[in-house]
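Colleague: I have not looked at this one before. Can you put it up and take me through it?

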Amino acid sequence: MAVQMPFAGLVIMHRLVRICTSSPAHHRHMDIPVKLTRCKREIRTFSTGSVKCNENERDSSDPSTLNTKLPSRQALLSSRRRPLSPLERISSLLPQDALTPEVMQLREQNQQEPEEDTNIQKEHVLVTESAEEESGHEAVHKDKDSHTHHASDTTHSSESQLNDTLPHQEEMRIPSTLPGESLLGFGELLVAEYRKKWRVEFRKMFQLQRGKRLESSWGFMSHENIAGQPAGVTLKTGRGVPIFIRRPSLDDYVLYMRRGPAIAYPKDAGIMIMMMDITEGDCVLESGSGSGAMSLFLSRAVGSRGSVLSVEIREDHYKRAVLNYERWRTSWSLRRGEKWPDNVQFHNADLCTASSLLAGRGFHAVALDMINPHLVLPTVIPHLHSGGVCAVYLANITQVVDLLEGLRCLALPLLCERIIEVPVRDWLVSPALQKDGQHCVRKAPILDNDQREKDETSEEADEGK
């Protein structure tokens, strides 16, 4: 749909003004997003071997006699399992009736693999013990030459086995960093976080600098210990608390950077970019730079071939937006080894009277984040290409009412298509209990006879085709 209005004897058609509102009181999301970080963890395996003694040594009362049997208390301590992770804790609480047959099959396979590993280890121990008992006394009477010959044979065999396994290990080796990224270096931005159970107890974005240290209530950590590590590593503080170190995404940077005014949150910025249908190479006008959040998202959307013109009326907001933009570009160049596109032009001006700034320029889309956006529409709309979209970011319904009334009074060739709110809702997955104390059971849907007949006829028709 479009509204055609005569203007100076011509018919001007423009696409609608799309309005995106944000409610600061509650941020909920209608989808269920799931984020897995690959963490790089170092696993160290320690192998133990059994110590065997002769029968005479076992019968003697020598205090130096070795005994491989552990006391009952130590045996209980050694057999104690490690703490359950959140996923294992949920799995142990879920009843079997709440899972699909496919998931139950995966669970059975997961339980069978550790049992097979333990059976193989037991068989290997039995075979080695029987071999040692058969050749026990014969090995004692061998001379020194045989020992040296046996040692040389074992060294040659071990070297051959090592040479055979090395190429295989090189093929299976996984790089410690993401493709195109380097190890953590001084000058770039990092995020440190500590999670306890279901909550994030500590999260901080900081710049890696020489002679500095990361301080928190859970201890401190020197920046020199962090430099040279791969991203996604877990390091311990002086108090032994594990801190997860990673590089910030653009989402993280926008949320934790220094700001003056309120920002356009990533959930709202993403929806606005989709509504404006911005692609690489587009030219976009932004009014209301603020702290530079929307400018960064638009910079990534238009790419190196596009451009963004960002106008801010307040000088303090203008300086903050420029600093945040340049700080992100510097950290990106240290991280990737290549520069972030310098495609945003910041101007400290009033868009209502900045017609000379827009002279001779056309824009594929316009993003407005202002208190009174309807006041700048008469200046902006003539520079918006036919079919372009103007997205307006407002904080409350009062501003939406003012905008709609302003559009009616100005009689601009615009159509308001959508007014939406973008909530975000975090999910905590755990098994639920009914009032009787029992877990919910997965049940097949009950269909009516008419619905079943329709399904059967549709299936027969599909088979006939």
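Colleague: Which residues does Asn 324 touch, leaving out those up to four places away in sequence?

Modeller: Asn 324 touches Tyr 253, Met 257, Arg 258 and Ser 291, where a contact means heavy atoms within 4.5 Å. This is a predicted model, in which local features need pLDDT of at least 70 and side-chain atom pairs count only at pLDDT 80 or more, while totals for chains, interfaces and linings use all residues. Residues are numbered from 1 along each chain as its sequence is written, and side-chain values use heavy atoms, with hydrogens and water left out.

Colleague: Where does Asn 324 lie, and is Asn 324 buried or exposed?

Modeller: Asn 324 lies in helix H11, residues 315-336. Helices (H or I, at least four residues) and strands (E, at least two) are DSSP runs numbered from the N terminus. Asn 324 counts as buried because its relative accessibility is 2%; buried means under 20% relative accessible area, exposed over 50%, and partly exposed in between, with a 1.4 Å probe and protein chains only.

Colleague: How many helices and strands does the chain have?

Modeller: The protein chain has 14 helices and 15 strands. Of its 465 residues, 30% count as buried.

Colleague: What is the mean pLDDT?

Modeller: The mean pLDDT of the protein chain is 74, and 63% of the residues reach 70 or more. Residues 21-80 have pLDDT below 50, and this stretch has 53 contacts in the model beyond near neighbours in sequence. pLDDT is the predictor's confidence in each residue, from 0 to 100. Residues 125-152 also stay under 50, with two contacts beyond four places in sequence. Where pLDDT is low, the predicted coordinates should not be read in detail.

Colleague: New topic, then. Which residues are buried in H13?

Modeller: Gln 399, Val 400, Leu 403, Gly 406 and Leu 407 are buried in H13. Seen down the helix axis, the buried residues of H13 fall within an arc of 125°, so they line one face; the arc is that of the directions from the axis to the C-beta atoms.

Colleague: What does the face turned away from that buried side carry?

Modeller: That face of H13 carries the exposed residues Ile 397, Thr 398, Arg 408 and Cys 409.

Colleague: What is there at the N-terminal end of H13, and just after the helix?

Modeller: Asn 396 caps the N-terminal end, with a side-chain oxygen 3.2 Å from the backbone nitrogen of Thr 398. Just after H13, Ala 411 takes a positive phi of about 55°.

Colleague: And Arg 246: which side chain does a polar contact join to that of Arg 246?

Modeller: The side chain of Asp 252, at 2.7 Å. A polar contact is a pair of N or O atoms within 3.5 Å; within protein, one must be able to donate a hydrogen and the other to accept it, and residues adjacent in sequence count only if both atoms are side-chain atoms. Arg 246 is in strand S9, residues 242-246, and counts as buried at 12% relative accessibility.

Colleague: Last one. Which residues is Ile 271 in contact with, leaving aside neighbours within four places?

Modeller: Ile 271, in helix H9, is in contact with Ile 420 and Val 422.
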